[in-house]
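Subject: Structure handover

Hello,

Here is the structure we discussed, with the sequence alongside. Please open it before reading on.

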Amino acid sequence: MSKKQYFLNHLSKIMTFEEGDSSENPWVEGAPQKEKIEVVEYNPEWPSLFIKQKSRIQNALGSVVISINHVGSTAVPGLPAKPVIDIDLIVAHPENEQLYVPLLEELGYQLTIREPSWYQHRMLRLEQPRVNLHIFAPDCPEHIRHILFRDWLVSHPEDKELYQNVKKEALISVDNVQSYNQNKQVVIRDIYNRILEFISK
């Protein structure tokens, strides 16, 4: 099956941006302390940092791993980004935390977010280097969107520049990641609309 056919098969789910249960508390051990939000110039070492973490995760989890992907802005060559490596780890059942969380904790990762109502998403955080490790199930729409967005920015410099500009604007008068991300949502959704229109042709 081609990549485009795969995306077409999941198009209706990809186009539905679920929000999860707003009453659900996602923080495993309370919300983390606020950290400085900065967007830095692209660092050519980011891909190698990902490759190293991918190897560590694969070696630790073995057959539990279905796939490990570098996503987010640090996965787009030339794009300024927060200096945080975003990784999507796909496992069969994210709710079975005992199969992967203890092993990842041995690598220094800490389970930070648990969102059963939002694609059974989990996130583990590594401090050095800074990594956000997102756990999703196979064919999860959010993971598919991550891949689509990354690949689109790599191959469409005009939208990469647009996203670069909105990232800088989104930093104005914010002191937390949630507000920063919210400030980018209009442009992100516009880009997704172009991606989905292209796929559905």
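This is a predicted model: local features need pLDDT of at least 70, side-chain atom pairs count only at pLDDT 80 or more; totals for chains, interfaces and linings use all residues.

Nonpolar cores

The largest nonpolar core has 22 residues, and those touching the most other members are I57, L89, Y100, L104, Y109, L124 and L133. Five elements each supply at least two residues of this core: the helices α3 (46-61) and α4 (101-105), and the strands β2 (85-90), β4 (121-126) and β5 (131-136). The largest share comes from α3, with four residues.

Leaving aside residues up to four places away in sequence, L133 touches I57, I87, L89, L104, Y109, R122, M123 and L124. As general background, nonpolar side chains in soluble globular proteins tend to be buried together.

Helix packing

How do α5 and α6 pack? Helix α5 (residues 141-155) meets helix α6 (residues 157-170) at an angle of about 110°, and their axes are 5 Å apart. The two helices are therefore roughly perpendicular, because angles of 65 to 115 degrees are counted that way. On the α5 side the contact is made by F149, W152, L153 and S155, and on the α6 side by P157, D159, K160 and Y163. Sorted by class, this contact has five nonpolar residues, one polar residue and two charged residues.

Backbone details

- The peptide bond from Q128 to P129 is cis, with omega near -5°. P129 sits in the loop between β4 and β5.
- Y119 is not a glycine, yet its phi is positive, near 60°. Y119 lies in the loop between β3 (110-115) and β4. Is Y119 buried or exposed? Its relative accessible area is 13%, and the cut-off for buried is under 20%, so Y119 counts as buried.
- D139 also has a positive phi, of about 65°, without being a glycine. D139 is in the loop between β5 and α5. With a relative accessibility of 37%, D139 counts as partly exposed.

Regards

Terms used:
Residues are numbered from 1 along each chain as its sequence is written. Side-chain values use heavy atoms; hydrogens and water are left out. Axes are lines fitted to C-alpha atoms, for helices over the stretch in contact, and angles run from 0 to 180 degrees between N-to-C directions. Angles under 35 degrees count as roughly parallel, over 145 as roughly antiparallel, 65 to 115 as roughly perpendicular and the rest as oblique. Contact means heavy atoms within 4.5 Å. Ala, Val, Leu, Ile, Met, Phe, Trp, Tyr, Cys and Pro count as nonpolar, Asp, Glu, Lys and Arg as charged, and the others, Gly among them, as polar. A nonpolar core is a set of buried Ala, Val, Leu, Ile, Met, Phe, Trp, Tyr and Cys residues joined through side-chain atoms within 4.5 Å. Buried means under 20% relative accessible area, exposed over 50%, partly exposed in between (1.4 Å probe, protein chains only).
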